[in-house]
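Thanks, everyone; I would like to walk you through one part of this structure and then turn to a few of its charged pairs. Please have the sequence and the model open while I talk.

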Amino acid sequence: MTGKLLCALLTTGASMPPQPPPVSSHSMAASSGKPVFPEDFDVLLTEAARNGVASFRIDARSFADVLVEAHHDAAGGKVVIDVLRGYRPDHPGAEMEDFEQWVGNSVRELTERFSPAPQIVFLYGGQSFDGLFPLQSRGLAGASDRTAVMISAGHGVYFHHGYRDWRAQRDPSNGVVEDEITPLLAAELSELMTSRSKAAVLRARATDEGTHEGSTQAWWKLGARYSLQRDIPDAADIWNSLPESTHALRERDEDIRSRPLYANRENVGTLVHLHTNASDSSAATGARAFIAPGRQDDRSLASSILCYMKELITSQSLYTGYFVPAEPGEANHGENRLAQMPSVIVETAFHTNPDDALALQDPNFRVAAMKGVEKGYRLWREGKGCEPLKIDPIQTIRVAAGQSRVVDLAFAGFPQYPVVIETKNLGCPPGWKCTDGAVTLPDAYTKPAQITLRCENAGSAPIFWNTRMVDDDGVKSPPVRHIVQCVRGSGMDVSQAVYEDDEGAATARRLP
């Protein structure tokens with residue numbers, strides 16, 4: 001079946017050209033496309049890093065005496081944060097990850113004003129992660145054509161050996177507890193992965209409502225370590241992978257490690273971790289993604305996820321300006337580093353930002369964000385790139401009075417069907433009545449997408465219309481302005497008999 005849209009163009013008229021869209025505040029680039037950094041960039045970076053250190057806390061411990069310096073390595077496309085004194089992690093666990101994430105986010109708020117944003121790398125007294133922990137081998141990314149996906153809802157309640165109690169891994173912020181919001185994201189993503197990607201889905205954390213005896217917490221609130229201990233008791237190397245550790249956060253460290261280790265055991269094709277973000281600045285906003293350094297499959301997956309998160313989230317009327325970067329950050333998170341398959345951490349929003357926190361509590365936002373994650377995964381798996389929905393320009397068309405022209409509508413992108421093609425008049429002249437029209441393309445096999453332009457009368461001035469596509473998820477292509485010139489003389493005839501009815505026709509007619 002061919003989708004056709006009848007635009008009966010009867011009038012003359014014109015409108016002002018479209019205004020350019022506002023420039024994002026997250027872009028400070030030269031006209032050449034290369035970012036231009038201020039001369040005192042290193043000073044600004046160091047100040048941002050030190051502000052992050054001063055505000056970082058873990059278990060009420062202050063890091064205010066920790067000294068850091070930051071500098072921009074322009075040749076390497078990175079910012080290096082060197083912890084000179086006051087803190088040297090003795091193992092690659094939750095404490096180190098929280099420190100680097102918090103301080104790194106303070107610096108990212110500055111670096112992300114430039115495009116492309118430089119990566120952030122941490123050193124400790126000049127030593128890299130590999131220099132500090134040479135025996136911590138990284139998993140190698142596996143084949144990306146396996147269709148099983150593990151979805152890991154971030155964090156969860158754990159046992160703290162210092163305080164001898166059960167507690168969430170993240171404190172409440174603006175009405176959000178990350179440990180409790182990520183299972184909602186995971187539930188939505190799991191359904192989408194099953195229905196749209198046709199993937200076999202495994203969940204890292206429990207989903208049942210029963211009570212865990214030791215903590216008296218509902219199972220769904222607990223970290224993955226505990227449900228894995230229950231479900232695979234003989235696999236202590238998965239859920240009790242640090243049996244010699246005496247660190248107060250050892251069960252939290254094991255929880256982090258249990259997720260990729262379980263994914264490795266189950267030989268899944270892809271691992272997606274769902275989180276919310278935090279910063280010392282309540283202004284920090286938007287989504288982020290993180291991968292282990294140097295893993296190109298993971299990078300392409302994360303970039304695809306970010307591309308389509310932006311497309312889906314910004315299609316919602318409340319979130320049209322929501323910030324989603326084009327590229328992921330790199331960091332030594334155990335969730336990614338230990339995975340033997342492509343693995344991505346998705347930070348959906350900042351729970352430390354009041355507006356982002358409200359978004360996280362909005363089901364429409366959560367659904368849109370997870371639709372973006374699923375779409376990014378699915379198109380990456382299919383070998384397709386980042387192509388937001390966009391209609392190609394429509395050339396000026398001359399149509400004879402009383403006749404029609406059929407025009408193929410070329411477009412880029414991967415819409416969710418059914419798709420509606422809308423054509424709207426940009427201003428009906430005095431003495432005329434204009435009615436907007438729409439036609440539905442039921443599936444991707446309805447090709448080519450076409451609009452039909454019709455003139456009932458001749459007129460010498462151009463007539464302006466906007467045409468756009470709207471998919472089933474609400475993703476809208478930017479409207480394309482096009483011109484029809486209604487003229488006297490011969491034109492391409494399109495019989496009205498090709499239409500079953502005129503429902504959906506965009507029309508304009510002279511008032512009596």
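In this predicted model, six strands form an open sheet of mixed pairing, and their order runs β10-β7-β11-β14-β12-β13. The edges are β10, residues 200-203, and β13, residues 329-330, each of which pairs on one side only. If you look at β13, you will see that β12, residues 288-291, pairs with β13 in the parallel sense over two bridges, and that Phe290 stands opposite Gly329.

Across β11, β12, β13 and β14 lies helix α8, residues 296-313, which runs at about 30 degrees to β14. What does Arg299 form a salt bridge with? The partner is Glu330, with the closest N and O atoms 2.9 Å apart, and the pair links distant parts of the chain, since Arg299 sits in helix α8 and Glu330 in strand β13, 31 residues apart. Arg299 counts as buried at 17% relative accessibility, whereas Glu330, at 21%, is partly exposed.

Let me move on to helix α7.

Glu254, which is buried with a relative accessible area of 2%, forms a salt bridge with Arg225 at 2.8 Å between the closest N and O atoms. Glu254 lies in α7 and Arg225 in helix α5, so this pair ties together parts that are 29 residues apart in sequence.

Note on methods. Residues are numbered from 1 along each chain as its sequence is written. This is a predicted model: local features need pLDDT of at least 70, side-chain atom pairs count only at pLDDT 80 or more; totals for chains, interfaces and linings use all residues. Side-chain values use heavy atoms; hydrogens and water are left out. Two strands pair if DSSP finds at least two bridges between them. Helices (H or I, at least four residues) and strands (E, at least two) are DSSP runs, numbered from the N terminus. Contact means heavy atoms within 4.5 Å. Axes are lines fitted to C-alpha atoms, for helices over the stretch in contact, and angles run from 0 to 180 degrees between N-to-C directions. A salt bridge is a side-chain nitrogen of Lys or Arg within 4 Å of a carboxyl oxygen of Asp or Glu. Buried means under 20% relative accessible area, exposed over 50%, partly exposed in between (1.4 Å probe, protein chains only).
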